[in-house]
There are 2 protein chains.
Amino acid sequence: MSFARLVQLHLLQGRWAAHRRAPPLRTDRKSYAAGEQSRGLDRAVGAFRAVTGDEGVSVGDAVREQHGRDESVHSCRPPDVVVWPRSVEEVSALARICHHHRLPIIPFGTGTGLEGGVGALKGGVCFDLRKMDRVLDLHAEDFDVTVEPGVTRTALNSHLRDSGLWFPVDPGADASLCGMAATSASGTNAVRYGTMRENVLNLEVVLADGTVFHTAGRGRRPRKTSAGYNLTNLFVGSEGTLGILTKATLRLYGIPEAMVSAVCSFPSVQAAVDSTVQILQCGIPIARIEFLDDVMIDACNRYSRLSYPTSPTLFLEFHGSERSLEEQVSMAEELAGANGGSDFSWARDAETRGKLWKARHDAWYAALALRPGCKAYSTDVCVPLSRLPQIIVETKADLIKNKLTGPIAGHVGDGNFHCLMVLDPDDPAEVQRVHEFTNRLARRALALDGTCTGEHGVGLGKRALLREEVGPQAMEVMEALKASLDPKNLMNPGKVL
Amino acid sequence: MSFARLVQLHLLQGRWAAHRRAPPLRTDRKSYAAGEQSRGLDRAVGAFRAVTGDEGVSVGDAVREQHGRDESVHSCRPPDVVVWPRSVEEVSALARICHHHRLPIIPFGTGTGLEGGVGALKGGVCFDLRKMDRVLDLHAEDFDVTVEPGVTRTALNSHLRDSGLWFPVDPGADASLCGMAATSASGTNAVRYGTMRENVLNLEVVLADGTVFHTAGRGRRPRKTSAGYNLTNLFVGSEGTLGILTKATLRLYGIPEAMVSAVCSFPSVQAAVDSTVQILQCGIPIARIEFLDDVMIDACNRYSRLSYPTSPTLFLEFHGSERSLEEQVSMAEELAGANGGSDFSWARDAETRGKLWKARHDAWYAALALRPGCKAYSTDVCVPLSRLPQIIVETKADLIKNKLTGPIAGHVGDGNFHCLMVLDPDDPAEVQRVHEFTNRLARRALALDGTCTGEHGVGLGKRALLREEVGPQAMEVMEALKASLDPKNLMNPGKVL
C-alpha cells in the first residue's frame, strides 16, 4: 500500500489528526501485537532491562511515538518498546531476546528517512542506535574510517576536519551513516563520488537471531576484493530487513584544493539536460550538477529572496586544483552556452558559494512555503540521462493537468529527480490525485528503463512498484534471500518485500 | 584444497604428466560421476541435442579437456559434456534438463580465469557461452551498453570505436565481460574507473532450475537505484556458483581527449608507495599506477630488451584533457621527485606509450622467461595502501629465504599486487614451498586488514583462506544464500564455498 493510500485510509477512518497520538502500551491492539507476541513482550522488556539497564529501555508513549515515524507523510506506527543499546554485544543480546519471543526488530538511526522505513507495522522493538556514536579506526593514509551506527554524516566530517579528508555522500539530511547505508542513500555528490553502494567497504551486522558478523570479515578494509559473495552490497540498501548495521567502514576522499560553484539558466529542459550529457561526455569531473525547474526556481526566488530567471536552471559545483578548475569551468560554460545557457553566476569562496547554492539547499522549504500548512512528499524516480527531458516534460504536463503542486529538483547527472509534492492532507481528493500521480510518474520511469527509487528506498510505499520494476522472478529471489537470513521475518517486517 | 596441494597430490599419484589427457566419457569414475548422475547424463545428452541441435553438444575428449581448465596451474577437470547454447531460452532449457537430472552446471566464458573456476570437480555440464556474442542496446547518450556473455572486453571496445566511448575495466586477458563480472575482475584501470562491481548496472541470470530473471529488472539501466536488494552485486563475483550470467548491462565512459604515460624509478618500495598515496591524496585522477619490483623490472629488461634501472618502479597513466594532463603530470612528477623518484620517462602519442608500457604488459611472459619450461601461478593479495611497503618487504624476504622466483607486479593504487610465482611442476619440494609461501602471503595480507584475493576470485584454491578471511559466521551467511538460490548445489559445485 502506498503512502498516499495509507494517508487516505487514515482520512477515511478519521484518524489523520490523531496519528500523532500513540496508542498506550498494552491496550491498543493496532500497534501492540496480540496473543503470543504480547505475552512475549512482557517478558522481553524485563530481559531488555537486564541487558541495557533501565535507562536503555522505554515503553513511554511519547518515546514510542517519536520512533514510529520518519520525515515522510507516512502515518506514525509506534513500536511497542524502544531500546538503546550501547555496544554490538548489547545489540546482539537484545536481538536474541527478540528472536526468542518472536518480536519484530526495527533499526532506527536518525528518523530522517523518506519512505516510512521505521514504522512498526507489526509492533515490536525499535533499536535506537544513537548511543553508539563513536568514530573508530580512522586510517587517513588508507582513506578509510569505521563508524558506529549513531555517527551522522556531519559528525563524521567534523571529526575528519583536520585530516584533510572528507566523506562526500550527502543526502541533504544529517542522517546516520549506517542509516544511509541501509537505504543506499546518495544525493548531490553522487555523480562524482558515487552512492553508499560504492563507498562502504565493510559492515558489521547483527542478524535477527543475534549472530554478529562482518560482511567482508572483521577489520578488513582493502579497497577492492573478490573474496566470496559481496555481502556488503547485499546489506547496503536492505532497509533493515536483513539485519542491524552496527558498524560501517567507509571510503574517504581528499578534500579538494578548491571548489567553484555556478548557476546557469536554460531555455528548456532539453537544453539543460543536453548540457549535462555533454559535460559528462567530455569527462569533466563535475562534483554536483543539480537541475531545478521553472516552478522550483520561482519558489526559491520567493522563499530565499533571490532573482534567478524563472526558467530551467542548473546548479553546478566543480572540485579540483585551482588550475584544473579554470579549465573545467570554462569548458562547462562553453558547453552550456552552446545550448543556450545564460545568466551565469560563478562563486569561488565558501561564503559566496553558500549563497549561490542557498536556493538549491532551501528547495524543500521553498516548496512547502508555496502552500503554508501543507505537507510535502518527495517522489524519487531515476531514468537514463537521455530520457530525462521526455519524462520531465510529461511530468510537468501531468502536474498542471491535475492541478498539483510539485516543483522539480533533480540530481540530473545521475538521471534522478524529485517532484516535491505539496499537498493538503485534509483534502482527500487531492491526496488521491497525488497518489495516482506518483504511481503514474513511477510507471513513466519504468517505461523509460528507469527505477521508481533512485535513492530513497522502497520502504512502505513502493513495494507494489518494486514488483512491477524487477518482475516476479527477481522478487522471488529477494524473498528467498530474506527467508534464508531472517526465516522468522522479524527484521523490519512489511518493508521492501 | 589449494592449487598447490592439488598439484602435489597429482604429483604423488604420478598423474601430473597425464593431466592433459582427459579421461574418456563413461569409463573414468573420477570425472564421470557414478550412479544416478551417470544415468541422468545419458538421458540428458539426448535432451540437450533436442535444444541446441547436434552441433551444440559435444562429449568428445578433446573438447571436454579444453573446457576443464583455465590459465592457472590447477589440473584439468573435464566436464562430462559441453553445450553451446545460442540464446537465453536455450540456456534456460538446458539448465532445466540439468536440474531434472541433478547434473552440475559449469558456466564457461573464455577460460582465462586464474583460480580453476571452470574445473568440473563433480563432472557435469559445461555451458560454453561463446556463441552468444552480440553487443546489444548501445545507448551512447546514457553511457551504457548490454552485451551477451560471449562478448569479450576487446570485442566490445572494437564495437564502441566510433562512439567516443569505451569500457575501461582491463584485467589483461581478453576475457568475456560476463566472465569478468562473475569473478569481480578489475586490473590496471580500477584506481580511476572502479572494478566490475562498480560498472555492472544489470545482469540477466539463469538459475539452476532454469528460472530467468534480471537483477535490476528487465531492460532497466538507471545509473543508480535503491529499489530492493542489490542482486546485481550479489551475482557479480559469485563465480558461477549462483547462476549463469546471460547478459550484462555495463557503464561506459567517454574516451579521454588525451593520455600520458610515465615510468619512474624509486630508491625503495616505501618511496614508491608514499608517492602513490600522495598522488591519490592530492586528488590527481590517475588512471593507472602500477608497481614493479626490482626483480620484475630486471626480468622485463631482459625479456623486452629494455634498460630501466633495476629498482622499484612505477608505471603511470593519466587520462584527461590536454591542459589538465599537463597539471596532473607536473604534480605527479613533483611528488615522485620529493620521494626520490628519478629517471622519468614520459610518453604522449600512442606508439611511444605502447613502448613505455610494454614492460608492464609483458610482465607475465618476462617472469616465465626467467625459468624456461616452468609454469607460473599468480598470487593476488590486496591490503590497505599504508600496509603495502611492509607486506612487500616481508614477502621479498620470504621469497629469498625460500629460494623462490616470484617477481612482483601490482595495482598499487588499490593496494593489490601479484607475485608471479615461476615453478617447476616436476619438483615436488618446490611445489610444496610455493604452496606454503602462498598461504603465508595470504595470511600476511589478512593480518594487515587485507584480502587473499583482490581480483582473481576464490575458485578452487582459496576456499580455506576465504573462511579465515571472513570468519565462520559470514561463511554461514554465504552458504545460506547459496542454499536458497541453488538448493541442489548444481551451480559450479566445489567453488568459492
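Reader: In the hairpin of β5(A) and β6(A), how many residues lie between the strands, and which residue takes a positive phi?

Author: Strands of a sheet pair through backbone hydrogen bonds, either parallel or antiparallel. In this predicted model, the hairpin of β5(A) and β6(A) has four residues between its strands, and A:Phe143 takes a positive phi near 60°. The two strands run antiparallel and are joined by three bridges. A:His139 has A:Asp144 of β6(A) as its bridge partner.

Reader: In what order do the strands of the open sheet stand, and is the pairing parallel or antiparallel?

Author: The open sheet of chain A has five strands in the order β5-β6-β10-β8-β9, with antiparallel pairing. At its edges are β5 (135-139) and β9 (212-214) of chain A, each of which pairs on one side only. Neighbouring strands are turned against each other by 10° on average, direction ignored.

Reader: How many bridges join β8 to β10 of chain A?

Author: Six bridges link β8 (residues 200-206) to β10 (residues 244-251) of chain A, and these strands run antiparallel. In that pair, A:Val200 stands opposite A:Leu250 of β10(A).

Reader: Which strands does helix α4 of chain A lie across?

Author: In a regular strand the side chains alternate between the two faces of the sheet. Helix α4 (residues 88-101) of chain A lies across β8, β9 and β10 of chain A, and runs at about 45° to β8(A).

Reader: Which residues of chain A does the UniProt domain annotation cover?

Author: An unreviewed UniProt entry annotates residues 74-255 of chain A as "domain: FAD-binding PCMH-type". That span is 23% helix and 23% strand, and its end C-alpha atoms lie 37 Å apart.

Reader: At what angle do helices α10 and α12 of chain B cross?

Author: The axes of α10 (residues 269-281) and α12 (residues 322-338) of chain B cross at roughly 145° and come within 9 Å. The crossing is right-handed. From α10(B), the contact is made by B:Ser275, B:Gln278 and B:Ile279; from α12(B), by B:Ala332, B:Leu335 and B:Ala336. Of these residues, four are nonpolar, two are polar and none is charged.

Reader: What area is buried between chain B and chain A?

Author: The size of an interface is often given as the accessible area lost when the parts come together. Between chain B and chain A about 7000 Å² is buried, with carbon and sulfur atoms giving 56%. On the chain B side, B:Lys224, B:Ser226 and B:Tyr229 lose the most area to chain A, together 14% of what that side buries. The contact involves 84 residues of chain B and 84 residues of chain A.

Key: Residues are numbered from 1 along each chain as its sequence is written. Chains are lettered from A and ligands numbered from 1 in the order in which they are written. This is a predicted model: local features need pLDDT of at least 70, side-chain atom pairs count only at pLDDT 80 or more; totals for chains, interfaces and linings use all residues. Side-chain values use heavy atoms; hydrogens and water are left out. Axes are lines fitted to C-alpha atoms, for helices over the stretch in contact, and angles run from 0 to 180 degrees between N-to-C directions. A crossing is left-handed if the near helix is turned anticlockwise from the far one by less than a right angle, and right-handed if clockwise. Contact means heavy atoms within 4.5 Å. Ala, Val, Leu, Ile, Met, Phe, Trp, Tyr, Cys and Pro count as nonpolar, Asp, Glu, Lys and Arg as charged, and the others, Gly among them, as polar. UniProt positions are given in the numbering used here, feature names are shortened, and annotations may be inferred rather than shown by experiment. Two strands pair if DSSP finds at least two bridges between them. Buried area is the accessible area (1.4 Å probe) that two parts lose on being put together, summed over both.
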